[in-house]
Amino acid sequence: MSLAVSHSDILDWRSSWGHSITSSGAGEEFKVLQKELDSLYEHLQQPVTLGFHQQLENRIEELKLKYNYSGWDGYDSEPIDDVSAEVAKHFVRLLPDNIIEPDLVPESGGIISFDWNLSNNYIFSVSVQKDEIVYAGIIGREKFHGTFILGKKLNEKVERVLIEYFSFTH
Amino acid sequence: MSIFHLLTDRFSKLPVRDEEPLTHYIFVDEHINKTTHKAKHQLFKPRKNKGNDLSTFRIINCVESYIWYLSKRYVEPFSKKKTIARADFPLAAAKKAQLKINPDGNPHKRHLNLENWPTDSSACKLISMEIANASNLILKNE
């Protein structure tokens, strides 16, 4: 049996009469159906960005596998190694929810860069190195750049730029 | 490309001019933004293990086939990769960023190095972005 239901259908169903079925002693088929819907409901409660973060981590692995040798860019570049990949993944986990998915670009120094590029005048890029994070941006007429040490929290300036200019809520 | 063009490239006598175009060759897909049809700024980062320079060729008065020939003859043997595209940009963009223009003529008289990049890697990143913004992507048609 197939059943076409929307996200809101499930939430409506769950909130209105989903709970009452179990307590009213419904048949086995209904119990199976409710179990499936409960599972779907739990899934829908997860932040959408979990998938986005996981996709970025997968992409980092892809880049590491593809560019794990010197000279991959045709200009004596350094390989993307395990350490670079791990640091980049750590950075992914610090990214706020609701931001536009960045483009991951390998750099000649064997590191990974996170780019948000809406146009020539709205670009923000963060390169994740072992010992420091390097960022630069062009936002309208404002041009800025800087570095910071990667810790357990995202740098305030970087977070502000991402939320203010590259999030879905602004 | 004709033999005529090869024999008559008297380019080295020309002084460097702000409005003349430079090119930097591209060997990997990841340096091409297929959505915006532009080269990504990472392409223009100076190579630290190459003296912190960016290697370019002066392409003023060059026919298309000669520009690709320069890569095939003088860049590909070292890169060991096929050229897939190039990014042309005005020399003025490099001058604006206060890079040193060094028409060293090695390995070819049209070769020019962009030198004197800032020691601050974040400042280099911003300059790379500005050069990328000023560039035009040209894909190689095989």
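In chain B, 72% of the contacts with a separation of 6 or more join residues 24 or more positions apart; two residues are in contact if their C-beta atoms, placed from the backbone, lie within 7 Å. This is a predicted model, in which local features need pLDDT of at least 70 and side-chain atom pairs count only at pLDDT 80 or more, while totals for chains, interfaces and linings use all residues. Residues are numbered from 1 along each chain as its sequence is written, and chains are lettered from A and ligands numbered from 1 in the order in which they are written.

**Confidence**
- The model scores pTM 0.81 and ipTM 0.88.
- Chain B has an average pLDDT of 90, and 89% of the residues score at least 70; pLDDT is the predictor's confidence in each residue, from 0 to 100.

**Elements of chain B**
- Chain B contains 8 strands and 5 helices; these are DSSP runs numbered from the N terminus, with helices (H or I) of at least four residues and strands (E) of at least two.
- Starting at the N terminus, the order is α-β-β-β-β-α-α-β-α-β-β-α-β.

**The sheet**
- Six strands of chain B form an open sheet in the order S6-S7-S4-S1-S5-S8, with antiparallel pairing; two strands pair if DSSP finds at least two bridges between them.
- Strand S6 (100–102) and strand S8 (136–139) of chain B are the edge strands, and each pairs on one side only.
- Strand S5 (residues 85–90) of chain B pairs with S8(B) in the antiparallel sense over 4 bridges.
- B:Ala85 is opposite B:Leu139 in S8(B).
- Strands of a sheet pair through backbone hydrogen bonds.

**Burial and core**
- Of the 142 residues in chain B, 36% are buried; a residue is buried if 20 or more other C-beta atoms lie within 10 Å of its own, the C-beta atoms being placed from the backbone.
- The largest nonpolar core has 59 residues; such a core is a set of buried Ala, Val, Leu, Ile, Met, Phe, Trp, Tyr and Cys residues joined through C-beta atoms within 7 Å.
- H5(B) gives the most to this core, with 6 residues.
- Among the residues with the most contacts inside the core are A:Ala88, B:Ile131 and B:Ile26.
- Beyond its neighbours within four places in sequence, B:Ile26 is in contact with residues including B:Leu43, B:Ile84 and B:Ala85.

**Contact between the chains**
- Chain A puts 24 residues into the contact and chain B puts in 21 residues.
- On the side of chain B that touches chain A, helix H5 (residues 121–134) of chain B gives the most, with 7 residues.

Notes. A residue is buried if 20 or more other C-beta atoms lie within 10 Å of its own, exposed if 12 or fewer, and partly exposed in between; C-beta atoms are placed from the backbone.
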